[in-house]
Amino acid sequence: MSRLPNFRPAIPLVDLKAQRQAISEEIATAIARVVERCDFVLGEEVFLFESEFAEYCGVASAIGVASGADALYLACRALDIGAGDEVIVPAMTFASTAFAVSLTGARPVIVDVRERDALIDPEKIECAITSRTKAIIPVHLYGRCADMAAICAIASEHSLAVIEDAAQAHGAVYAGKRAGSLGDIGCFSFYPGKNLGAYGDGGLVTTARRDVAERVRILRNCGSRTKYHHDEVGLNSRLDTLQAAILRAKLAHLEEWNAARRRIAAHYDEALRAISQVHCTPGTPGSVHHLYVIRLARRDNVLQTLNDRGIGAGIHYPFALHELEAYAALGYRAGAFPVAENWARRCLSLPIYPELTAAQVDFCVAALEAALRGDPAG
Ligand SMILES: *Cc1c(COP(=O)(O)O)cnc(C)c1O
């Protein structure tokens, strides 16, 4: 799409500035604390944030890392996944879910998603399992938890690990437990636009397994437990102390922000019900509504019209995993994952962020209706 480089829509998909104003003093104080102490790498705030986030998720350990992508990669490494192994991933997700597997030398094995919510289809997992399969990575896409009861039952029957990709699900609840505490390992991203976002990149691994926690701590810090003693080949993938301090300040607001997202999503559900061309997927009660995604037949025209009207609608995601250039070599053919392909062609994300007002939601819905009528002026 042609856009001026600094075009800023009237209603963006995510409005980081709206949130920044409300918490600017808390953030300034948090940053000042770190600058004062100068403990920039693995400083006190990292360990405090790790224990607070672990407690929030209801899990024994949390290890801060440099990004969500690294969290997923380190989770695979901690399970000794590597060349010759296979890991099951859903066809509809952000590329990093599968890249984490590929970077270890293992092969991502793609499984189609469910028609109703684009989450990995448990009924299609079993026939993708081989003697080389080591783990399943369900993705809690758009803030909704995958069908963890079914997935964990399959995993335990076949002795596979379960790595939750919870990058879009901070605080999501499934059967009374939080995302990140449902499988063997949980992986979070603190990319700025996520429900809990840093002021830069950041990520985190949660686990109840002591062996995994210990291994991730070593791997994120150059494979080293004691300075200059490198037990194995590791990364520099530490959560920055400044980011940890910012995340601690923001974690205190996460519940109220997720509640606001629930209200906004319910408002969209209600307002869109009357529009026959719009296919909605109302969220489950535990969803944290990272994105509000609808499906439409003439998606691309509608997207263009909304963007022209200053509404930052987006697409998550325009391609299924097997359609990515990076995965041509996996050898999947077009049509291999029809449900994910259909989602990729038809999905459209409407603006959602905690500060979005009811009037702005109504404005987006009215613009969507006008776009569906083919009326570009609205
Ligand atoms: C954002 C995201 C990631 C990657 O996180 P980064 O912090 O950007 O590396 C992985 N998986 C999913 C589902 C995501 O949404």
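A polar contact is a pair of N or O atoms within 3.5 Å; within protein, one must be able to donate a hydrogen and the other to accept it, and residues adjacent in sequence count only if both atoms are side-chain atoms. A backbone N or O atom of Gly68 lies 2.8 Å from a ligand oxygen. For a polar backbone atom of Ala69, the distance to an oxygen atom of the ligand is also 2.8 Å.

This is a predicted model: local features need pLDDT of at least 70, side-chain atom pairs count only at pLDDT 80 or more, and totals for chains, interfaces and linings use all residues. Residues are numbered from 1 along each chain as its sequence is written, and side-chain values use heavy atoms, with hydrogens and water left out.

Now the shell around the ligand. Helices here are DSSP runs (H or I, at least four residues), and strands are E runs of at least two, numbered from the N terminus.

Step back to the whole protein. It has 11 helices and 14 strands. Its radius of gyration, taken over C-alpha atoms, is 21 Å, close to the 21 Å that the globule rule (2.2 Å times the number of residues to the power 0.38) gives for 378 residues, so the protein is as compact as a globular protein of that length.
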